[in-house]
Amino acid sequence: MEPQHLGAPQRRILLAAARVLADDPTASMQQVADEAQVARPTVYGCYPTKVALIEAIGHEAAKEFAAALGHAQAAGDGAAATLARLIRELARIGADYPIVLRTPHTEDVDDLVARIDELIEDGQAAGELRADVASDVLRHALFGALSAGLRLARDPERPQVDSDAVGTQIAALVVEGMRAKGAPA
């Protein structure tokens, strides 16, 4: 699900910047360049300001989110299985772009959030997901648990856990909690 239109240096810059700026929002473009193993003029050539760089990170993360949602829905499974697949993929995206866990979502994500609400509502209507909890509450629980899990995974004071493990654990926890009583697993 990696963006196809970015060149290797641009992708390296975005991934490096997402890590560096998540750890230190005041980090310089030179620190981003060092982490990406490119020259500072290369960073400025692609992203003339830090704001432009952060916007590009959000845009790429949103594109990967859209691709992950499309992929999860294309499998044709029920809402619970689709959400579990999506959570595992979102864990990887969140690990690649950790700064997005600390910034408000952009307009790029509004449509995706609406699609997740629709998926949850469809699962509720089909009796697969709990109907006694509002869909936006379930969505916030999903994203909150995922964000918290990924932040813990980045904490240098804690044992390291990779994004696949975080995604699998959060998917199990959240999806089982969303599942309607008596709905097949």
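Predicted model: local features only at pLDDT ≥ 70, side-chain atom pairs only at ≥ 80, totals over all residues.
Let me start with leucine 83, which, once its neighbours within four places in sequence are set aside, is in contact (heavy atoms within 4.5 Å) with Ile116, Leu119, Ile120, Leu129, Leu142, Val175 and Met178. Residues are numbered from 1 along each chain as its sequence is written, and side-chain values use heavy atoms, with hydrogens and water left out.

Leu83 and Leu53 touch the most other members of the largest nonpolar core, which has 58 residues; such a core is a set of buried Ala, Val, Leu, Ile, Met, Phe, Trp, Tyr and Cys residues joined through side-chain atoms within 4.5 Å, where buried means under 20% relative accessible area with a 1.4 Å probe, protein chains only. Among the elements that give two or more residues to this core are helices H1 (8-23), H4 (50-74) and H5 (79-96), helices being DSSP runs of H or I, at least four residues, numbered from the N terminus.

Turning to H1, its buried residues include Arg11, Ile13, Leu14 and Val20, and the cover over the buried residues of this helix includes H2, H3 (40-46), H4, H5 and H7.

For the protein, there are eight helices and zero strands. The radius of gyration, taken over C-alpha atoms, is 18 Å, close to the 16 Å from the globule rule for 185 residues (2.2 Å times the number of residues to the power 0.38), so the protein is as compact as a globular protein of that length. Of the 185 residues, 43% count as buried.

Note on methods. Buried < 20%, exposed > 50% of the residue type's maximum accessible area, 1.4 Å probe, protein only.
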